[in-house]
Amino acid sequence: MHRRNFGKKIFYTVLIIAFCAAFPTIATLFLNKNSNTDKVYTTKDSGKTVTVTENNTSKTLDVEEFIPCALMGQLSIDNNEELLKAFAIVLRTLIYSKFSDETSSVDAASLDLPYMTYEDMEETWKDNFVDNLNKLNKVMEETGLLVLKYNDTLIQPYYHSISAGVTRESSEEYIVPVDCPDDRENEKYLHTSVYSYETFINTVKELNSEIVLSADAPLEAFQIVSKDNAGYITELQIGGISVDVNAFLEKFSLSSLCFEVDEYNGGIRIITKGVGHGYGMSLNTAQIMGESGKNCNEILNTFYSGAVISE
């Protein structure tokens with residue numbers, strides 16, 4: 001009995017000593033875990049502002065406060081964090097390009113950017129507002145004041161939702177074709193619209209009243225003159241008359257200029273590929289890159305070749 005008790009005492013003594021030795025490490029890990037979870041992130045002050053007007057009331061936000069609004073106007077809080085960071089840098093670059101040497105403030109309406117107010121975020125997110133806002137502030141803190149430059153000049157950071165499978169080549173040296181095969185798998189990649197002959201003809205004539213089309217075979221006078229590297233239509237003629245391709249896109253509410261037109265079930269069918277103009281960063285591919293482990297710098301370097309990320 002005494003030997004057994006003595007053995008137990010030794011065992012417990014060793015156990016206590018081991019626990020005391022390990023306690024600092026355990027405590028440090030525990031505290032670090034809590035500090036990472038509970039850390040509150042903040043945004044920097046850029047000294048440049050954006051004026052937002054809602055319900056006849058104007059509010060001035062620092063650019064760093066406005067960017068989260070613009071992020072949520074086009075993306076979701078559930079998007080990959082590396083995409084959010086990359087897009088924050090893109091939006092900051094775009095906004096900064098609107099300032100001149102004499103101005104340090106712009107009106108939100110002049111930016112042509114959809115945005116979500118903080119009041120809208122709070123109403124949408126409800127109990128998750130504080131956590132979600134902290135996530136956005138983390139994005140802002142980790143990309144604070146960073147922009148994209150080429151030859152020491154702010155770039156035009158083109159972007160779009162979904163490419164037609166490859167991004168478009170541009171006159172800007174930093175906008176180069178990028179293969180985006182995953183875009184073809186997106187459920188919004190293809191969009192199909194079908195029109196009666198009459199509706200198609202009337203809509204075309206709204207573009208130019210001088211265009212004459214056959215009531216029985218309107219596509220006989222429809223000619224795609226040229227396409228670019230990614231298959232986006234760059235020149236179009238209808239009835240022998242040149243038609244502005246962007247005006248055609250807007251009139252028919254097409255999702256992109258990468259489209260095909262054919263006869264379908266007694267009418268006219270237009271099939272579009274991708275969403276947006278196709279230049280620069282594909283947000284869909286950038287999301288997939290982030291999910292696969294690419295960081296925001298790698299994403300930006302992919303779509304803006306040779307551009308430098310700097311303050």
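**View 1. Salt bridge between Arg168 and Asp228.** Arg168 and Asp228 form a salt bridge in which the closest N and O atoms are 2.5 Å apart; the term denotes a side-chain nitrogen of Lys or Arg within 4 Å of a carboxyl oxygen of Asp or Glu. The two residues, 60 apart, link distant parts of the chain: Arg168 belongs to the loop between β6 (159–160) and β7, and Asp228 to the loop between β8 and β9. With a relative accessible area of 6%, Arg168 is buried (buried is under 20% relative accessible area, exposed over 50%, partly exposed in between; 1.4 Å probe, protein chains only). The model is predicted: local features need pLDDT of at least 70, side-chain atom pairs count only at pLDDT 80 or more, and totals for chains, interfaces and linings use all residues. Residues are numbered from 1 along each chain as its sequence is written, and side-chain values use heavy atoms, with hydrogens and water left out.

**View 2. Salt bridge between Lys59 and Glu119.** The closest N and O atoms of Glu119 and Lys59 are 3.0 Å apart in this salt bridge. Glu119 lies in helix α5 (residues 118–125) and Lys59 in strand β2, 60 residues apart; helices (H or I, at least four residues) and strands (E, at least two) are DSSP runs, numbered from the N terminus. Glu119 is partly exposed at 45% relative accessible area, and Lys59 is partly exposed at 41%.

**View 3. Salt bridge between Lys39 and Glu141.** The side chains of Lys39 and Glu141 meet at 3.8 Å, N to O. Lys39 lies in the loop between α1 (2–38) and β1, and Glu141 in helix α6 (residues 129–142), so the pair ties together parts that are 102 residues apart in sequence. Lys39 is partly exposed at 39% relative accessibility, as is Glu141 with a relative accessible area of 29%.

**View 4. The open sheet β2-β1-β3.** Three strands form an open sheet in the order β2-β1-β3, with mixed pairing; two strands pair if DSSP finds at least two bridges between them. β2 (57–62) and β3 (105–107) are the edge strands, each pairing on one side only. β1 (residues 49–54) pairs with β2 in the antiparallel sense over six bridges, and Glu54 stands opposite Thr57 in β2.

**View 5. The buried face of helix α7.** Phe200, Ile201, Thr203 and Val204 are buried in α7 (residues 197–207). Seen down the helix axis, the buried residues fall within an arc of 165°, so they line one face of α7; the arc is that of the directions from the helix axis to the C-beta atoms. The face turned away from the buried side carries the exposed residues Glu198 and Glu206.
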